[in-house]
Amino acid sequence: MERVIQRGWIGCGLVCLVLLTAGCKPYRVEYHKRPAYYRQASAEPLIDEIVLEDGTIVRFVEGREQKQAEPEAEQIKLREEDVKGNVTIRALLPEHVVAHLRGCLVSQEYELIYNQLLANSARNQFESGGGDFESFKVEFSRNRSDLVSALNRMSFGMLRSEVILERVGTNGYRYRFIPQLQDLFKFNVIEIVREDGLLKLHGVR
């Protein structure tokens with residue numbers, strides 16, 4: 001017999017506890033609303049279910065984001081492809097940067113990251129130290145698996161109070177895992193800056 005206990009809305013997620021009492025081991029299932037723009041920002045299929053270290057099953061359902069900035073995000077396409085196949089990506093909210101970075105890494109669109117998602121200030125600093133697109137691609141390719149793993153957890157960790165968003169100066173943001181998760185991932189921090197009205201990736205560490 002299956003018994004479902006609905007706890008209601010917690011932040012952006014609907015949390016349900018599912019307990020199997022017919023001789024099976026109890027387990028926990030969490031249902032979280034995922035903003036629709038995550039799918040728009042990603043060129044690859046999104047993960048709909050993840051099993052955490054403690055056995056908790058996290059399942060995502062798409063829903064409308066309740067933030068005031070959403071109407072603007074709906075009017076401006078976050079990812080757009082023209083008839084020639086040229087792709088343009090835009091980020092209006094900090095989480096858009098995370099979604100774009102994950103999507104581009106999964107589909108190995110390194111040029112999009114370097115030319116459009118990466119902040120001009122970060123690119124200029126990188127190139128002034130002797131770097132170029134090819135060395136950038138090599139570095140991101142080498143760390144692709146670790147980055148995607150961290151970004152996957154960060155994406156749904158935003159809905160579970162496992163990720164902290166901080167303001168940096170007057171035009172920057174920083175996403176970081178809570179201390180309890182930092183040792184689980186090679187990369188723990190995403191740095192974001194505002195340039196020309198859009199948000200850009202400033203660094204990953």
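The largest pocket here has a volume of about 300 Å³. A pocket, on a 1 Å grid over the protein atoms alone, is an open set of points where a 1.4 Å probe fits, with protein on both sides within 12 Å along at least five of seven lines. The volume is the space filled by probe spheres set on the points, which are joined across faces, edges and corners.

This is a predicted model, where local features need pLDDT of at least 70, side-chain atom pairs count only at pLDDT 80 or more, and totals for chains, interfaces and linings use all residues. Residues are numbered from 1 along each chain as its sequence is written, and side-chain values use heavy atoms, with hydrogens and water left out.

Back to the pocket. Its lining has 14 residues, and L118, F136, F140, G203 and V204 lie nearest the centre; a lining residue has an atom within 4 Å of a point. Strand 11 gives the largest share of that lining, four residues. Helix 5, helix 6 and strand 11 (198-204) each supply at least two. Helices (H or I, at least four residues) and strands (E, at least two) are DSSP runs numbered from the N terminus. By type, the lining has nine nonpolar residues, four polar and one charged. Ala, Val, Leu, Ile, Met, Phe, Trp, Tyr, Cys and Pro count as nonpolar, Asp, Glu, Lys and Arg as charged, and the others, Gly among them, as polar.

Now helix 6, residues 133-142. F133, F136 and F140 are buried there, meaning under 20% relative accessible area with a 1.4 Å probe, protein chains only. These three are on the same side of helix 6, because they cover an arc of only 60 degrees around the axis, taken from the directions from the helix axis to the C-beta atoms. Among the elements covering the buried residues of helix 6 are helix 3 (94-106) and helix 7 (144-157).

V97 counts as buried because its relative accessibility is 0%. Leaving out residues up to four places away in sequence, V97 touches A91, L117, I192, L199, K200 and L201, a contact being heavy atoms within 4.5 Å.

Last, confidence. The mean pLDDT (the predictor's confidence in each residue, from 0 to 100) is 78 for the protein chain, and 63% of its residues reach 70 or more. Residues 1-23 have pLDDT below 50, and residues 65-74 stay under 50. Where pLDDT is low, the predicted coordinates should not be read in detail.

Terms used: Buried means under 20% relative accessible area, exposed over 50%, partly exposed in between (1.4 Å probe, protein chains only).
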